[in-house]
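Hi there,

Here is the structure I promised to pass on. Have a look at it first, and my notes on what turned up follow below.

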Amino acid sequence: SSSASSTGCSTAAVATGTANNAPPAKQSAKDYIFGKVIGEGSFSTVYLAKDIHHSKEYAIKVCEKRHIVKELKVEYVKQEKEVLNILNSNQNKTAPFFVKLYSTFQDNERLYFVLSYAKNGELLPYINKVGSFDIQCTRFYGAEILRALEHLHSLGIIHRDLKPENILLDERMHVQITDFGSAKILDDKPRPQPRRRDGEQSSWQRRNSFVGTAQYVSPELLTEKSVSKSSDLWALGCIIYQMVAGLPPFVARSEYLIFQKIIKLEYEFPDGFEPKAKDLVQKLLVLDSTNRLGAKDIGNYTSVRSHHFFAGLDFETLYKQTPPPIY
Ligand SMILES: NC(=O)c1nn(CC2CCNCC2)c2c1CCc1cnc(N=C3C=CCC=C3)nc1-2
C-alpha cells in the first residue's frame, strides 16, 4: 500500500491511492516508527514497526546490503522476495496462512521488507508452555499447516525449512507461515529463476552442511540432496508429532546424530501418544518420499485430509473458525 499523498484523497483517488493520481509517494524508513527487535538472522533484523500515517503495525525486515553481498546471500533475499510476491499475487481467501509482503524500499545501506505482523509470535512457545497440545489443538493447527502447504505447493513452491519457529500466529491465533529464504521455486512453473552470482552457492554447496534446522529435515535432503513437495510433508509429520509429544521425533546431542536417526528412521512414540495421531505420523515419516501420505495426491492433499485423525474437520472454513484454546 502506498502512503497517502500530503494533499489528502478524494474517494475516486482513494482507489488509486493518491489525490492527484500521481504515483504513490516513494516509501522510506521515515514513514515508520521502528520499535523492538522481533527477529534476527545472519544478515537481517526484523523490527516491530508502526506506520506513521495509519498507526498500523508491521514487521519490517531490514537487510544490510553489504552483509548480503559479503555472505553471498543475494540469491536468498531475491528468492524470498520472489516467493512473497508469488504468494501476494495468488492469494487464497480460504488459506491466508502466510505473512504478507506489503512493500519494499531501500536506502544506500539497507533493503526494507514491510511484512504483516503476526502479533502472537511463534507456535513453538505455545507448545513448550503447555508441554504438549491436546488433540483438538493438534488437529486444528495440523490442518491449517496442511492447507498452507496445499496452497504453497499448488504454486510450485517448497518451503524446505518448515518448523514451529517459522509457524507464526496472528492476532486471531491463526497460522502465518514465514521465512522463505530457503524455499525452492519448482522450475516447471514459467518464471525467471534468480541467477546465482559468480561464486554464489546453494545452502548445501558452500559449507557442505545443511543450512536450516536439523530436527525437521527430510531424509532425501540428507542422502540425495534432493527435495520435493513431500519434504514439507515430512516436516509436517515432525511438527504433528511435536505438538502431541512436546518434543520433535528426532533429538540428539548433535546435528550429525540427529541426521543419523533421521536416515535410520530411529524414533519412538511415548506411552499414551494418541493412536490416530500416531498412525498419521507413521504415514508421513516414511523414508521413501514417494510413499508418504499425500505424496501421490494431485492438487489438495486429499489422502491426508481424509485420514481419520482429521475426521469431522472442515478444511475449507478453517480461517473462519475460532481456533481451539491452547491450555
Ligand atoms: N525472518 C523473517 O522474515 C521474520 N522473522 N520474524 C520473527 C522471527 C522470530 C523467530 N522465529 C521466526 C520469526 C518475522 C519475520 C517475517 C514477518 C514476521 C511477522 N510477525 C512476526 N511476529 C513476531 C511476534 C512476536 C515474536 C516474534 C515474531 N515475526 C515475523
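**What I found**

Lysine 283 is partly exposed, at a relative accessible area of 35% (buried means under 20%, exposed over 50% and partly exposed in between, with a 1.4 Å probe and protein chains only). Its side chain meets that of aspartate 279 in a salt bridge, 2.6 Å from N to O (a salt bridge is a side-chain nitrogen of Lys or Arg within 4 Å of a carboxyl oxygen of Asp or Glu). Lysine 283 and aspartate 279 both sit in helix 9 (residues 275-284), four residues apart, or about one turn of the helix. Helices here are DSSP runs of H or I with at least four residues, strands are E runs of at least two, and both are numbered from the N terminus.

Before you read on, please note that this is a predicted model, in which local features need pLDDT of at least 70 and side-chain atom pairs count only at pLDDT 80 or more, while totals for chains, interfaces and linings use all residues. Residues are numbered from 1 along each chain as its sequence is written, and side-chain values use heavy atoms, with hydrogens and water left out.

The whole structure holds 14 salt bridges. One of them joins the side chains of glutamate 64 and arginine 110, at 3.2 Å from N to O. Glutamate 64 belongs to strand 3 and arginine 110 to strand 5, so this pair ties together parts that are 46 residues apart in sequence. Both ends are partly exposed: glutamate 64 has 35% relative accessibility and arginine 110 has 27%. Glu64 and Arg110 are also linked with Asp107 and Glu109 in a network of salt bridges.

Another salt bridge pairs arginine 147 with glutamate 316, where the closest N and O atoms are 3.7 Å apart. Arginine 147 lies in helix 5 (residues 135-154) and glutamate 316 in the segment after helix 10 (302-305), so parts that are 169 residues apart in sequence are tied together. Arginine 147 is buried, at 3% relative accessible area, whereas glutamate 316 is partly exposed at 37%.

**Around the ligand**

Which residues come nearest to the ligand? Of the 16 around it, they are Ser116, Ala118, Glu122, Glu165 and Thr178 (near means that a heavy atom of the residue lies within 4 Å). The shell is made up of seven nonpolar, five polar and four charged residues. Strand 1 (32-40), strand 3 (57-64) and strand 5 (110-116) each contribute at least two residues to the shell.

For polar pairs, a polar side-chain atom of glutamate 122 is 2.7 Å from a nitrogen atom of the ligand. A polar backbone atom of glutamate 165 lies 3.0 Å from a ligand nitrogen, and an N or O atom in the side chain of lysine 61 is 3.1 Å from a ligand oxygen. Taken alone, the ligand exposes 570 Å², and the protein buries 83% of that (areas by the Shrake-Rupley method with a 1.4 Å probe).

Lysine 61 has a protein partner as well: its side chain makes a polar contact of 2.5 Å with the side chain of glutamate 80 (a pair of N or O atoms within 3.5 Å; within protein, one must be able to donate a hydrogen and the other to accept it, and residues adjacent in sequence count only if both atoms are side-chain atoms). Glutamate 80 lies in helix 3 (residues 74-89) and is buried, with a relative accessible area of 11%.

Best wishes

Definitions and conventions: Ala, Val, Leu, Ile, Met, Phe, Trp, Tyr, Cys and Pro count as nonpolar, Asp, Glu, Lys and Arg as charged, and the others, Gly among them, as polar.
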